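Okay, everyone, thanks for coming.

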Amino acid sequence: MITSKLPNVGTTIFTVMSQLAAETGAINLSQGFPDFDGPDALREALCRHTMDGHNQYAPMTGLPALREQVAAKIARSYGRQVNADTEVTITPGATHGIFCAIQTVVRAGDEVIVFDPSYDSYEPSVILAGGRCVHVQLKDEDFSIDWEKLSSALSPRTRMIIINSPHNPSGALITRSELDQLAALIRDRDIYLVSDEVYEHLVFDGVKHASVLAHEELYQRAFVVSSFGKTYHVTGWKTGYLVAPPVLTAEMRKIHQFVAFCGVTPLQWALADFMAEFPQHVEELPAFYQAKRDFFCNQLESSRFTFNRVGGTYFQTVDYSQIRPDLNDVDMSLWMTREHGVASIPISVFYQTPPEGKHLIRLCFAKREETLRQAAEKLCAI
């Protein structure tokens, strides 16, 4: 009989809710993907490179042209000059990059600090490396770091801290001053950092994303992970990248080559072409998604949901305590999908121990305006 390495892991809530939305015909605002296509030029480039014969293995580290475009984007966005050969690795999805980073440094008995609510791939990756997650809850009111709790959670076994900004599911942002505070806290400790920045270009209201790539001290001990899928509206392409100092990159690549070896070749060619031809795309993204956030939130103003507009990502959290305080968030999400035709994600699934008395769900606004209008009409009718 097989003994499960992940006995507490089942089907993810994202799969459950998307399947339920499909079964019931509900509008799917649960799983985080757009209902519109990526740029025409990007998709046309994929067709071109596929037909031109770029269909065999890419280099293990990623197509050189794409790694160079990533390095150029980092220089423009954050002022850091990274070496495309020794610091940038193309991965088949950001989750793959996070997994490989964790496997690189976490060993049996090590502890990894994660901030709840936290993305669901972190803990299984730590467990498979033989480590243990220590969950530190973010502040209830604004999902910011509770520095007293973090300081108390540090131990001689702490090997890694995983941060996520812009934050899924809350949309909260880590500031530059908080990165400084984190650097001071771990300065004299042998602790590594994974910075999950897949929504790096979805930051609103004129705020600049505080990337670990722009923080000299933290970058020296960090793996920074991002996603082409989120940035270019092609989540199904499952292509991301990981940036780390040369010594960390070299060790991470030892893991990466035996997990997937390389990403899909024509996708990499297409992304490299598009990034070279349209570097302004990432600069236009904040306004593009802020418009969607504001349209959706304006539509929800007359509903009984309460909310503060998120600072980043393409998720809006809403409080339903004025509607069905008798339901926990999982039951609320199921009820809304079946009875009112809108699928969402309950926030409690992102916690080890969910806080009591909270009534929050997450709604994805990476949708066409008509989709958001129809969803808002249904939500306002509840």
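Let's begin with a question: in the open sheet of 3 strands, what is the strand order, and is the pairing parallel or antiparallel? The order is S9-S12-S11, and the pairing is antiparallel. Strands S9 (315-319) and S11 (345-346) stand at the edges with a single partner strand each, so one side of each has no neighbour in the sheet. Oh, and before I forget, this is a predicted model.

Back to that sheet. S9 and S12, which covers residues 360-364, run antiparallel and are joined by 5 bridges. If you want to find one of them on the screen, look for Asp319, whose bridge partner in S12 is Leu360. For anyone new to this, strands of a sheet pair through backbone hydrogen bonds, either parallel or antiparallel.

For the parallel kind, go to strand S5. Is S5 out in the open or enclosed? Its residues are 158-164, and 7 of the 7 are buried, so S5 is largely enclosed by the rest of the structure. S5 pairs with S3 (residues 111-116) in the parallel sense, over 4 bridges. In that pairing, Ile113 has Ile161 of S5 as its bridge partner. S5 is also joined to S6, residues 192-196, by 5 bridges, and those two run parallel as well. Now bring in helix H7, residues 176-186: together, S5, H7 and S6 make a right-handed β-α-β unit.

Next, the nonpolar cores. The largest one has 58 residues, and those with the most contacts inside it include Met160, Phe223, Tyr289 and Leu379. Take Leu379: leaving aside residues up to four places away in sequence, Leu379 touches Phe296, Leu300, Ser303, Phe305, Met336, Val342 and Leu363. Apart from that core lies another, of 57 residues, with Leu182, Ile186, Leu193 and Ala222 among them.

Last stop, the cysteines. How many disulfides does a search of the whole structure find? The search finds 0. Cys100, for one, is in no disulfide, and the nearest cysteine sulfur, on Cys262, is 13 Å away. A disulfide needs the two sulfur atoms within 2.5 Å. Cys100 is buried, with a relative accessible area of 0%. Cys47, on the other hand, counts as exposed because its relative accessibility is 51%, and the cut-off for exposed is over 50%.

Note on methods. Residues numbered from 1 in each chain as written. Predicted model: local features only at pLDDT ≥ 70, side-chain atom pairs only at ≥ 80, totals over all residues. Heavy atoms only, no water. Buried < 20%, exposed > 50% of the residue type's maximum accessible area, 1.4 Å probe, protein only. Pairing = 2+ DSSP bridges. Right-handed = clockwise from strand over helix to strand, strands pointing away. Core = buried A, V, L, I, M, F, W, Y, C linked by side-chain atoms within 4.5 Å. Contact = heavy atoms within 4.5 Å.
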